[in-house]
Amino acid sequence: MAKEVHAHSVPGQSENAWEPLVDHLKAVAAKAARLAAPFGGGAMAEAMGALHDAGKANPDFQAYIRGLGPGVDHSTAGAVIAVERYGPVLGRMMAFGIAWHHAGLANGRVPGGGLSSLNDRLAGCRPHRLAPEQDVAPASANPSAPVLSEGFSHSFSLPFLIRMLFSCLIDADRLETERFYAELRKEEVDRGCPLTIGDLRGRLDRHLSQFEGESGPVNALRAEVLAAARAGSEQAPGLFSLTVPTGGGKTLASLAFALDHAERHNLRRVIYVIPFTSIVEQTADVFRTALGDRAAVLEHHSGFDFGPGPDKGRRAADDPEEEGPDGIAKLRRAAENWDRPIVVTTAVQFFECLFSNRTSPCRKLHAIAGSVVILDEAQTLPLKYLLPCLEALRELARGYRTSVVLCTATQPAVTVDSGFKGGLERVRELAPDPQGLYRRLKRVTVERIREPLGDEELAERLRAERQVLCIVNNRRHARDLLRQVANGLNDPESTRHLSTCLCAAHRRAELAAIRKDLKDGAPVRLVATSLVEAGVDFSFPTVYRALAGLDSIAQAAGRCNRNGELRKDGLPELGRVFVFSSPESENRKPPPELSQFAEVAASILRTHDDPLALDTIRAYFQRLYWQRGREELDAALVGEGAEPIKDILEALRLYQRGQDYPFADIAKAFRIIESPLVPVIVPYRPADDPDAVPRLLRDLDYVPAEKTGGIARALQPYLVQIPRSARNTLIAAGAAECVRKGELGEQFVRLVNGDLYRPDVGLDWEDPTFRKIETGIF
């Protein structure tokens with residue numbers, strides 16, 4: 001009797017326990033169809049799922065999984081069959097995802113990104129045909145996708161649909177492989193959340209009801225904003241804006257709109273996109289408190305990279321058998337698929353998944369369809385890639401039943417109505433009278449200090465205040481200034497520090513202590529980076545802000561007299577905000593990616609007195625966005641030739657003939673952060689669970705490699721992100737080490753020299769050999 005044809009083997013067990021190929025193809029096809037249903041791509045996704053592992057029917061592959069031969073390419077066969085069966089348009093669209101469902105989307109015409117081209121793969125493959133009982137692909141795969149209807153743009157819409165279908169295939173394949181091995185082990189898989197959008201809406205209603213009837217003009221204004229946002233939820237899905245000055249309650253108002261809107265229009269989840277990693281956990285905590293459930297809110301940022309495993313340096317990116325004989329290797333990648341009703345993530349994660357070609361970022365892409373996406377501080381969209389980002393948002397709203405909310409305190413920004421050529425159209429405002437809100441929420445005066453302030457003079461000013469916040473532009477400046485302030489005080493414990501050198505759990509504890517001291521009237525002199533400028537609800541009477549973009553200055557002002565609580569002789573008093581710059585010699589400039597914003601702000605402030613006035617903000621954005629040429633708003637260099645294409649949208653137009661889209665080149669070009677940071681696990685000991693980090697690290701020592709995703713989530717509060725070069729230096733000095741490097745590569749790196757993580761400033765990696773004096777005493 002002929003041997004069964006299998007998709008996956010099971011180490012240490014007989015072939016009776018292995019997964020038959022036809023079972024895997026059917027399961028992935030059905031799952032992919034369900035994932036693609038929200039955007040009408042179910043028929044195409046089903047066909048892709050049914051063909052993705054067709055090459056495993058090859059006797060050479062069957063010998064391989066039995067340990068009787070080398071690995072062979074099992075992905076290209078299904079791509080060839082797709083083109084033959086479904087034609088040069090639909091079939092080729094499917095072929096991209098099928099051929100590259102392990103390595104990532106490749107270019108259509110020419111090699112790039114370490115991958116051969118789709119043309120080369122198709123031309124070099126003569127597929128082993130599926131037996132009739134294994135061929136479960138439908139005869140027809142015509143999509144009913146609304147993406148191909150009104151407003152269809154071949155150059156952007158088709159490659160975007162290819163990405164979406166690719167996402168559905170990857171997630172379906174991973175989920176079904178995960179399910180197969182979990183059932184063998186009789187294990188539960190932690191996926192999804194039992195609470196519905198309706199459940200969460202009811203919980204939010206109960207949370208908001210406790211604020212009803214609160215007195216004061218600020219609370220009354222917040223109630224108006226909330227009511228207007230909720231009333232707007234009845235409108236049809238599409239593009240919206242919520243323009244509310246800082247302190248106007250837009251975070252919970254936007255969440256209330258999103259849940260109401262999602263329930264009204266049968267949308268699946270809310271994705272809250274935040275500019276900075278450091279604010280993700282703060283906003284997630286606000287939502288968990290408001291919704292009364294931790295499992296419903298997924299906090300996802302760049303904590304751990306589940307890309308190719310430890311063999312990355314030894315194997316080609318398009319190795320024909322990168323999956324491994326048992327299929328488990330692919331489960332080490334793509335740990336996240338955004339399967340919760342509320343997702344809080346970063347702009348980097350969100351937009352890079354829209355333009356990436358890697359399987360890990362692309363896996364979650366389909367989850368955006370049929371959702372409400374809230375872009376917090378929408379004016380911070382990456383300037384270098386502004387046009388492709390806007391095109392992606394337009395496409396999501398047009399073809400994928402996605403409502404996008406531009407949530408900001410500093411409009412105008414990126415709409416056609418505000419004068420931005422190529423901006424978003426038909427954007428509906430949810431806030432009641434944004435200009436009136438600005439006038440009613442004026443709680444501060446802003447003064448520009450004309451002469452540069454050195455650290456010594458700045459520290460003297462901060463020491464003279466009982467409660468003061470100072471925001472600077474980089475972590476080193478914050479650390480140095482904190483120590484200078486503390487050195488001149490009789491009560492140095494009144495100095496506080498908040499930056500991303502502190503892990504998230506440490507920041508939460510510091511925030512709680514700061515809020516308590518502010519409430520009790522105790523002295524608080526806080527030196528922080530920009531992480532406090534959004535999603536942090538505290539209020540100081542005086543704020544100092546190093547020169548930055550006007551949107552950052554407005555956010556800093558939102559931490560001053562936030563609730564209009566300042567009084568003098570029983571009458572309302574305005575808070576004080578000072579904008580300063582540091583001497584050039586002190587090397588206190590903003591990071592390179594923010595310097596342009598500060599320079600534009602400085603030029604605008606030479607002719608405008610009030611940095612927060614609406615005409616000042618308008619002039620700032622005119623100079624920053626509107627008057628720039630196209631080459632500065634889509635400045636990616638796509639391609640590796642002598643004359644690379646100048647931008648992403650032009651690349652898609654150039655290669656649309658024959659569907660030769662350069663996916664790998666675009667992914668390489670689209671990098672919001674040029675030098676991405678990498679995580680280090682630090683030994684912070686929270687008061688409520690001081691053994692948390694050691695316990696999780698012990699678990700990490702023994703858990704199967706493919707099941708590290710849950711521990712990675714649990715470790716996120718104890719990570720500090722630093723430059724890769726700095727982490728390499730720590731490892732080389734023995735101050736940090738990789739956990740199970742042979743199996744997990746550099747995904748998990750823990751700090752060994754605990755003296756480098758300090759209670760006042762967090763992780764200080766400048767001297768990896770530093771040891772406290774008492775550490776060396778035996």
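**Notes on the predicted model**

1. Four of its five residues are buried, so β19 is largely enclosed by the rest of the structure. Keep in mind that this is a predicted model.

2. What is the partner of β19? Strand β18 (residues 677–681) is joined to β19 by five bridges, and the two run antiparallel. As background, strands of a sheet pair through backbone hydrogen bonds, either parallel or antiparallel.

3. Next, a sheet. Six strands form an open sheet with parallel pairing. Their order is β10-β17-β14-β11-β13-β12. The edges are β10 (444–448) and β12 (495–498), and each of these pairs on one side only. On average, neighbouring strands of this sheet are turned by 15 degrees against each other, direction ignored.

4. Four bridges pair β12 with strand β13 (residues 524–528) in the parallel sense. Here Arg496 stands opposite Leu526 in β13.

5. Helices pack on this sheet too. Helix α17 (residues 504–520) touches β11 (467–471), β12 and β13. The direction of α17 makes about 140 degrees with that of β12. Helix α18 (residues 550–557) also packs on the sheet, touching β10, β11, β14 (542–546) and β17 (575–580). The direction of α18 makes about 160 degrees with that of β14.

6. There is also an open sheet of seven strands, again with parallel pairing. Read its order as β5-β6-β4-β7-β8-β3-β9. Which strands stand at the edges? They are β5 (297–300) and β9 (428–429). Each has a single partner strand, so one side of each is left without a neighbour in the sheet.

7. Strand β4 (residues 269–274) and strand β6 (residues 342–346) run parallel and are joined by five bridges. Val273 has Thr345 of β6 as its bridge partner.

8. The largest nonpolar core has 142 residues. Those touching the most other members are Met94, Phe350, Phe351, Leu354, Ile368, Leu375 and Phe538. Helix α4 (residues 76–99) gives the largest share of this core, with 13 residues. A second, separate core has 42 residues, including Leu200, Ala258, Val297 and Val344. In soluble globular proteins, nonpolar side chains tend to be buried together.

9. Helix α11 (residues 347–355) deserves a look. Seven of its nine residues are buried, so α11 is largely enclosed by the rest of the structure. The buried residues are Ala347, Gln349, Phe350, Phe351, Cys353, Leu354 and Phe355. Take Phe351 from this helix. Leaving aside neighbours within four places in sequence, Phe351 is in contact with Leu375, Leu381, Cys389, Leu393, Phe670 and Ile672.

10. Last, a pair of helices. Helix α6 (residues 154–185) packs with helix α13 (residues 386–399) at an angle of about 75 degrees, and their axes are 11 Å apart. That angle makes α6 roughly perpendicular to α13. From α6 come Phe156, Ser157, Phe160 and Met164. From α13 come Pro388, Glu391, Ala392, Glu395, Leu396 and Arg398. By class, this contact has six nonpolar, one polar and three charged residues.

How values were computed:
Residues numbered from 1 in each chain as written. Predicted model: local features only at pLDDT ≥ 70, side-chain atom pairs only at ≥ 80, totals over all residues. Heavy atoms only, no water. Core = buried A, V, L, I, M, F, W, Y, C linked by side-chain atoms within 4.5 Å. Buried < 20%, exposed > 50% of the residue type's maximum accessible area, 1.4 Å probe, protein only. Contact = heavy atoms within 4.5 Å. Axes fitted to C-alpha atoms, helices over the stretch in contact; angles between N-to-C directions. Parallel < 35°, antiparallel > 145°, perpendicular 65-115°, else oblique. Nonpolar A, V, L, I, M, F, W, Y, C, P; charged D, E, K, R; others polar. Pairing = 2+ DSSP bridges.
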